[in-house]
Amino acid sequence: MNETSTPTIVIADDETVVEATWFDDRPVVDPSALEAVLGWNLKPEGLCRGDACVPLPDQSALEHPEGIDLMAAAGTLGRPTLADPDAQMVAIGVPADDRQRALVDRQAPDATLLDLDGNQRQLSEWSGTRRLLVAFSSW
Amino acid sequence: MIAVAIDENVEVVAPLAQGITYPVLVDTEHRLPELYAVNNVPTVMWIDEADRIVRPNANEFGSDMFTELTGIRCEDHMTQVRAWIRDGTLPDDASFEVPDLDADEIAARLHFRMAVHGRRSGRGDVAERHFNRAKELAPHDFTIVRAAMPLTGIDPFGPAYFELYGVFEAAGAPYRGIRRPRP
């Protein structure tokens, strides 16, 4: 977007690389990058995904002369963020509400995982049956 | 039953899944630690037909291999599972509320993902910095401290594991879920 922007790795639901300009250790991105990274678009109504919009009480809090403050936008969606300016990396966690759905509302959140052939699978593929979900590990 | 390995890749899980007939998935991005507040394995959740978690995170085992260490016998759990499958009976502990992650545990998960990315992309300095920070922030979390061991050249079944287990017990065993009382 300008001569100071650099490729920045965003680790969120997936890993993406976006052009960002770093200001005060915070990446500022073009508004068009938000959908690729967060799945939400910035519109006059707020942050939108399909017909659903999260109104922004103060849209100017996200705006920057060079674009949109990515971490502030993620924060609006209830998502925790971590920046590493030296490595030009940002990590964006799941919305706090998604975990609350599991812990408080007791509704199992969906998640994308890999099967043993390396294919992406959804936990929700096993909906409709009484089941045990067992987390284990090799360690 | 669905088994989800919280592991770095399919290759390390495949040998463990040989001969297993239920689905085995791999959680390379640590979704379960983030979404379900899982902080150790094995962790078992009971989920009904409507995706309702009827018994949340519980430290249950598929065998008695670790009973000497944990005091947990697998048959106690399996008896309860059979009753639930048979007629929907839930044990008293099913109403347990798993406490939410605190800010440090949430941050530790982000540092862990950054470290893993650094390691996968050959940036050892980035990996080391963020593995270290994740471990500082969540020193009792096995999905952070122990999961990092094989990724940093440490034997996860060696002295480092027993040291972690000691630190965890000394801190009051802050497992996020149901721990069956020791007999």
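Which residue of S2(B) does A:Leu114 stand opposite? Select A:Leu114 and look across to S2(B): the residue there is B:Val26.

Before going on, note that this is a predicted model, in which local features need pLDDT of at least 70, side-chain atom pairs count only at pLDDT 80 or more, and totals for chains, interfaces and linings use all residues. Residues are numbered from 1 along each chain as its sequence is written, while chains are lettered from A and ligands numbered from 1 in the order in which they are written.

**Chain A**

Select chain A. Its secondary structure comes to three helices and 13 strands; helices (H or I, at least four residues) and strands (E, at least two) are DSSP runs numbered from the N terminus. The C-alpha atoms of chain A fill a box of roughly 55 × 35 × 20 Å along the principal axes.

**The sheet across the chains**

Now select S11(A) and S2(B), residues 24–26 of chain B. These strands run antiparallel and are joined by two bridges; strands count as paired if DSSP finds at least two bridges between them.

Next take S13(A) with S1(B), residues 2–5 of chain B. Four bridges join these two strands, which run parallel. Within this pair, A:Val134 has B:Ala3 as its bridge partner.

**The side of chain A that touches chain B**

Select the interface. Here 40 residues of chain A are in contact with 58 residues of chain B, contact meaning that C-beta atoms, placed from the backbone, lie within 7 Å. The elements of chain A that each supply at least two residues to this side include S1 (6–11), helix H3 (96–103) and S13 (131–136). S13(A) gives the most, with six residues. Colour this side of chain A by residue class: 23 are nonpolar, eight polar and nine charged. Nonpolar covers Ala, Val, Leu, Ile, Met, Phe, Trp, Tyr, Cys and Pro; charged covers Asp, Glu, Lys and Arg; the others, Gly among them, are polar.

**The two domains of chain B**

Finish with chain B, selecting 3–95 as domain 1 and 103–170 as domain 2; these bounds come from an automatic or database domain assignment. The domain centres, taken over C-alpha atoms, are separated by 22 Å. Ten residues of domain 1 of chain B are in contact with eight residues of domain 2 of chain B. On the domain 1 side, the touching residues divide into four nonpolar, three polar and three charged.

Definitions and conventions. Two residues are in contact if their C-beta atoms, placed from the backbone, lie within 7 Å.
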